[in-house]
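Subject: Structure handover

Dear colleague,

Here is the structure I said I would pass on. My notes follow it.

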Amino acid sequence: MSLFLVLILFIIILFSLYILSSCIVFLERLKHPIFFPQGLNEVILFLFLLKTDLLINISFAGDIMRVQTSGASQQTANQDNLRYSGVRASHTMAQTDAGRMEEFRSKINRVGAQKGIPPALIAAIISRESRAGNAIKNTGGWGDHGNGWGLMQVDVNPNGGNHTPEGAWDSEEHLRQATGILVHFIGRISTKFPNWSSEQKLKGGIAAYNMGDGNVHSYENVDDHTTGRDYSNDVVARAQWYRNHGGF
């Protein structure tokens, strides 16, 4: 082999190592809730991942499939007149909403990619909060006695979340706002409980989305103050169903 070919091979190896290290750094930074590409190489890589939908399964928040869950309480299961509770009940309710969820699939996928949240989790919150729109389609998008807005029921109560609704109740703007609120709470829980695992922080953030981070005091009792005392457990179980069976 000539010296020229050896030199070319050496340059290719160095360049490949540079690209690999850049990708590793990029993906680590991508896990941060507030992310902006830095430099032309990151912009190109970010646009490539976004274009190919590879960002959909990249989440700074942990792996939803590894989060432990006990599923829905009997109180929540009673919404569908189920005589059983737990993960089985959550899966049944997620499946019930699956057909209606198809209308929002593309919006969910885009927002999930933009926010670094698994689309299956967004779908699960939509299922829990509005039954994929079925519970609010005749109320102009309002739920919870006028305190919740849209598919993901953004809290507009002045004594609660006090958010100003963005977009129509079934719009991508609404999903982006609500998912941004979820990201905010995952960040708050991460700061509040720095020693928790990524999956524990994710579950805590889901509970906080429902009742605020001030009501999350421990991982063992993460749902003590959530609606039905099962919110994060139910949402996680539904998300796992949507990942495994719903195509999200």
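Which residues does Asp230 touch, not counting those up to four places away in sequence? They are Gly71, Ala72, Ser73, Thr76, Arg128 and Asp223. Please keep in mind that this is a predicted model.

Asp230 sits in the loop between α8 and α9. With a relative accessibility of 2%, Asp230 is classed as buried, because the cut-off for that class is under 20%. Its side chain is in polar contact with the side chain of Arg128, at 3.0 Å.

Overall make-up

The protein chain has 248 residues, and 46% of them are buried. Its secondary structure amounts to 9 helices and 3 strands. Read from the N terminus, the order of elements is α-α-α-α-α-α-β-β-β-α-α-α. Of the contacts between residues at least 6 apart in sequence, 55% join residues at least 24 apart.

The sheet

The 3 strands make an open sheet with antiparallel pairing, in the order β1-β2-β3. Its edges are β1 (142–143) and β3 (154–155), each of which pairs on one side only. Strand β2 covers residues 148–149 and pairs with β3 over 2 bridges, in the antiparallel sense. Within this part, Gly148 is opposite Asp155 of β3.

Gln153

The loop between β2 and β3 holds Gln153. Is Gln153 buried or exposed? Its relative accessible area is 11%, so Gln153 falls under the 20% cut-off and is buried. A polar atom of the Gln153 side chain lies 2.9 Å from the backbone oxygen of Gly150.

Setting aside neighbours within four places in sequence, Gln153 has contacts with Glu129, Ile136, Gly141, Trp142, Gly143, Asp144, Gly148, His174 and Tyr209. Gln153 also belongs to the group of lining residues that lie nearest the centre of the largest pocket.

The largest pocket

How much space lies in the largest pocket? The figure is about 760 Å³. The lining consists of 33 residues, and those nearest the centre are Glu129, Asp144, Gln153, Asn210 and Thr227. Two or more lining residues come from each of α3 (74–77), α6 (119–130), β3, α7 (172–192) and α8 (198–211). Helix α8 contributes the most, with 4 residues. Sorted by class, the lining contains 18 polar, 10 nonpolar and 5 charged residues.

Asn233

Asn233 is part of helix α9, residues 231–245. Asn233 is buried because its relative accessible area, 9%, is under 20%. Asn233 and Ser70 are 163 residues apart in sequence, yet their C-alpha atoms are 5.6 Å apart in space. The side chain of Asn233 reaches the backbone nitrogen of Ser70 at 2.9 Å.

Residues up to four places away in sequence left out, Asn233 touches Gln68, Thr69, Ser70, Gly71, Lys203 and Asp223. Gly71 and Asp223 are also among the residues that Asp230 touches.

Two partly exposed loop residues

Pro165 is in the loop between β3 and α7. Its relative accessible area is 32%, between the 20% and 50% limits, so Pro165 counts as partly exposed. Pro165 and Val154 are 11 residues apart in sequence, with a C-alpha to C-alpha distance of 7.1 Å. Beyond four places in sequence, Pro165 touches Trp142, Trp149, Val156 and Gln177.

Asn78 is in the loop between α3 and α4 (86–101). With a relative accessible area of 42%, Asn78 is likewise partly exposed. Along the chain, Asn78 and Ala89 are 11 residues apart, and their C-alpha atoms are separated by 9.5 Å.

Points to look at

If you open the model, these are the places I would show.

- The side-chain pair of Asp230 and Arg128, at 3.0 Å.
- The Asn233 side chain and the backbone nitrogen of Ser70, at 2.9 Å.
- The Gln153 side chain and the backbone oxygen of Gly150, at 2.9 Å.
- The lining of the largest pocket, to which α8 gives 4 residues.

Regards

Note on methods. Residues are numbered from 1 along each chain as its sequence is written. This is a predicted model: local features need pLDDT of at least 70, side-chain atom pairs count only at pLDDT 80 or more; totals for chains, interfaces and linings use all residues. Side-chain values use heavy atoms; hydrogens and water are left out. Two strands pair if DSSP finds at least two bridges between them. Buried means under 20% relative accessible area, exposed over 50%, partly exposed in between (1.4 Å probe, protein chains only). A polar contact is a pair of N or O atoms within 3.5 Å; within protein, one must be able to donate a hydrogen and the other to accept it, and residues adjacent in sequence count only if both atoms are side-chain atoms. Contact means heavy atoms within 4.5 Å. On a 1 Å grid over the protein atoms alone, a cavity is a set of points where a 1.4 Å probe fits but cannot get out, and a pocket is an open set with protein on both sides within 12 Å along at least five of seven lines; lining residues have an atom within 4 Å of a point. Grid points are joined across faces, edges and corners, and a volume is the space filled by probe spheres set on the points. Ala, Val, Leu, Ile, Met, Phe, Trp, Tyr, Cys and Pro count as nonpolar, Asp, Glu, Lys and Arg as charged, and the others, Gly among them, as polar.
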